Amino acid sequence: MPVLSAQNISLAFLDKTLFRDVTFAIEKTDRIGLIGANGAGKTTLFRLLLRQLEPTEGAIIMPAGTRIGCVEQHACRDSSKTAYEEVLTVYSDVIEMERELESINRRLSQSPDAALIDRQEQLREAFEARDGLSYRSRARAALLGLGFSAEETDKPVGILSGGQRTKISLAKLLLSGADLILLDEPTNHLDTESVEWLEDFLKKYTGAAMIISHDRYFLDKVTTKTMELQGGRFFFTKGSYSTYQQLKQERLLFESRENEKIEKEIDRLKAMIEQQRRFNRERNYITIASKEKQIARLKEGLHETVRTPDEMRLRFPVASESGNEVLSAQNLSKTFTKPLFSGVSFDLRKGERVFLLGPNGCGKTTLLKMILGEITPDTGAIRFGAGVRIGYFEQTQSALGSGKTVLQEVYDRFPDKTVPELRKILAAFLFRGDDIDKTMRDLSGGERAKVALLEIMLRGCNFLILDEPTNHLDIESREVLENALAEYEGTILAVSHDRYFINRLATKLLCFDGGTVRQINGNYDSYLLLREQSKGAEQKAPTVKKPNAYQLKKETARRQRLRKGEIARLEKQIAELEEQKTRLQNQLASPEVTADYLQITELTDALDEVARRQDELTEQWLALSEEEE
């Protein structure tokens with residue numbers, strides 16, 4: 001049974017219909033990528049599923065008890081709690097069960113009680129089903145995986161940044177055990193390592209998920225189905241983003257050919273009707289009526305044409321070429337409160353497309369600002385080749401937040417252009433009509449990025465330095481930017497977390513690793529291949545030794561011979577298992593283990609086995625005690 005289904009839902013606001021007659025079902029383990037242009041209605045659909053809005057027509061159906069989770073905007077209400085304690089609140093029911101189990105264990109150690117034993121068994125099953133044996137390590141692993149340091153997990157929520165609080169909310173959602181989780185741009189503000197952790201988590205997630213994302217690489221890694229909202233219609237198919245795009249092109253080609261055949265047949269029938277009208281006889285009008293009915297039926301078979309969003313037209317011309325040697329960096333280092341990087345050396349040659357890779361805070365943007373002359377290196381030197389003209393795309397676009405209108409902003413920077421020329425150029429970047437009179441400070445992040453790209457395009461630079469250029473751009477705009485950069489004849493040095501973007505363009509990578517930088521020829525897939533080969537060369541983590549079943553059987557036989565001695569031995573063994581369980585739980589909670597998924601799995605399996613043996617020996621102890629009585 002689906003966890004949720006939508007039956008012919010439509011949504012209209014006043015005179016605008018956002019979408020109509022939408023039907024789909026979400027199965028238990030579906031991971032659905034929801035894509036579409038900005039403003040298409042993706043977030044509005046989430047609000048419908050959360051019952052924050054009601055559809056104009058149709059219904060959303062869920063089985064009783066279905067839980068839907070989403071990232072809460074104000075989830076961290078107690079600012080005195082640590083990040084770790086805040087994430088643990090998602091396990092409040094588990095913590096309560098744990099307390100009751102501890103109470104029952106104390107009471108049973110004093111005297112056996114059948115009712116208490118039954119309650120203990122019920123609680124233990126529920127406790128284990130809710131990750132009771134590993135919930136603390138899972139909570140800490142979620143925080144570490146999302147980019148918190150071990151020290152930050154123990155800091156009060158009140159002193160954390162807004163981005164860190166959002167990550168806490170995301171961790172709580174992922175651990176909530178909801179039947180369906182809704183994720184709206186979950187990779188925003190995450191570095192590559194955190195995104196990879198999230199990918200791994202979602203691939204193993206046992207519930208359903210619907211994900212809005214512009215991160216195509218992430219969608220390819222995680223999703224099993226894709227839903228596109230376009231022109232008020234939904235298109236739903238199995239497969240990840242890339243699979244969907246391939247199927248979409250095949251569908252559009254098929255529909256276009258079918259429409260051509262139908263239109264040709266309609267034209268033929270119309271010509272016959274015209275001919276019959278010229279004959280002007282009674283039987284001709286019978287034929288005309290028949291042909292008109294045929295045309296009406298054929299028109300019903302025409303595939304509806306979905307109006308695709310307008311694309312900005314982007315091209316980066318090179319006004320003058322640089323020399324073959326574009327940039328040389330030798331032995332660069334920088335220290336702020338602590339060393340950032342040292343010994344960084346590399347050369348850029350004309351036509352190369354080089355991307356900087358590394359976690360947040362490793363110094364990528366600092367290196368770009370050194371090259372731009374905004375930050376002075378502690379050691380080393382930077383030298384440019386002949387004829388280099390730099391175009392810089394800043395991540396924050398802080399220089400584009402004025403009260404000027406869009407037209408004024410561009411005209412002030414390019415006064416040699418006429419207003420009609422600028423209007424035409426702005427229209428190519430989808431600034432039309434009243435859009436050019438918007439103030440820069442009122443633009444969205446995506447609109448401001450387009451203005452920055454427009455200005456770089458007009459400068460005709462031969463060396464582009466780009467800091468997160470795809471941030472705030474929807475998928476369609478990202479693909480336009482990719483196509484323009486793929487055709488660009490100059491040199492590119494870029495920072496990006498968009499792995500799909502890197503894969504498409506990169507010819508070389510500079511990877512920040514522990515304060516040093518290593519060069520890799522190729523794209524992101526080349527980097528992953530080298531990383532996997534490196535991991536394979538490392539020694540595998542030791543496995544936890546499993547309990548000896550033969551020893552257990554041997555001791556059971558011995559108990560049959562010496563019942564009284566067996567009771568004492570069982571009591572000792574149960575106590576040892578309790579100590580073993582405590583040790584395993586401490587291991588799971590240690591920082592060295594919480595980020596190692598292999599060890600977490602092994603230790604959790606060992607805990608399950610210890611709990612099973614403890615239950616088994618307790619039953620034997622109770623049975624023998626009753627016989628003694």
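Cys362 counts as buried, since its relative accessibility is 12%, under the 20% limit applied to buried residues. The structure described here is a predicted model. In this model the cysteine sulfur closest to that of Cys362 belongs to Cys511, and the distance of 9.9 Å between the two sulfurs is too far for a bond. For a disulfide to be counted, the two sulfur atoms would have to lie within 2.5 Å. Cys461 likewise counts as buried, with a relative accessibility of 5%. A search of the whole structure returned 0 disulfides.

The confidence of the prediction was considered next. The protein has a mean pLDDT of 85, and 90% of its residues reach 70 or more. In residues 544-550, by contrast, the pLDDT is below 50, and this stretch has 5 contacts in the model beyond near neighbours in sequence.

Charged pairs were then examined. Across the whole structure, 31 salt bridges were found. One of them is formed by Glu196 and Arg531, whose closest N and O atoms are 2.9 Å apart. Glu196 belongs to helix 7 (residues 192-204) and Arg531 to helix 17 (residues 524-537); the pair thus links distant parts of the chain, 335 residues apart. Glu196 and Arg531 are both buried.

A further salt bridge joins Arg216 to Asp498, with 3.4 Å between the closest N and O atoms. Because Arg216 is placed in helix 8 (residues 216-222) and Asp498 in the loop between strand 16 (491-495) and helix 16 (499-505), this pair ties together parts that are 282 residues apart in sequence. Arg216 and Asp498 are also buried.

The salt bridge between Glu228 and Lys248 has its closest N and O atoms 3.2 Å apart. Glu228 is found in strand 8 (residues 225-230) and Lys248 in helix 9 (residues 241-279), so this bridge ties together parts that are 20 residues apart in sequence. Glu228 counts as buried because its relative accessibility is 3%, and Lys248 counts as buried at 11%. Salt bridges with shared partners also build one network, which joins Arg216, Arg478, Glu482, Asp498 and Arg504.

Apart from residues up to four places away in sequence, Leu175 touches Val87, Val90, Tyr91, Arg130, Arg138, Ala139, Ala142 and Phe201.

Among the residues touched by Leu175 are Ala139 and Ala142, both of which are buried residues of helix 5. This helix (residues 135-145) is mostly covered, with 9 of its 11 residues buried. The buried residues of helix 5 include Tyr135, Ser137, Arg140, Ala141, Leu143, Leu144 and Gly145. Just after helix 5, Gly147 adopts a positive phi of about 105 degrees.

Phe463 is located in strand 15 (residues 463-467) and is buried, its relative accessible area being 0%. With residues up to four places away in sequence left out, Phe463 touches Val326, Leu327, Leu348, Phe384, Val388, Arg389, Ile390, Gly391, Tyr488, Thr491, Ile492 and Leu493. Phe463 and Ser322 are 141 residues apart along the chain, while their C-alpha atoms are separated by 8.2 Å.

Ser333 is placed in strand 10 (residues 325-335). With a relative accessible area of 11%, Ser333 is buried. Its side chain makes a polar contact with the side chain of Thr379, at 2.5 Å. Beyond the neighbours within four places in sequence, Ser333 is in contact with Phe341, Ser342, Gly343, Met370, Pro377, Asp378 and Thr379. Strand 10, which holds Ser333, also spans the positions of Val326 and Leu327, two of the residues touched by Phe463.

Definitions and conventions: Residues are numbered from 1 along each chain as its sequence is written. This is a predicted model: local features need pLDDT of at least 70, side-chain atom pairs count only at pLDDT 80 or more; totals for chains, interfaces and linings use all residues. Side-chain values use heavy atoms; hydrogens and water are left out. A salt bridge is a side-chain nitrogen of Lys or Arg within 4 Å of a carboxyl oxygen of Asp or Glu. Helices (H or I, at least four residues) and strands (E, at least two) are DSSP runs, numbered from the N terminus. Buried means under 20% relative accessible area, exposed over 50%, partly exposed in between (1.4 Å probe, protein chains only). A polar contact is a pair of N or O atoms within 3.5 Å; within protein, one must be able to donate a hydrogen and the other to accept it, and residues adjacent in sequence count only if both atoms are side-chain atoms. Contact means heavy atoms within 4.5 Å. pLDDT is the predictor's confidence in each residue, from 0 to 100.
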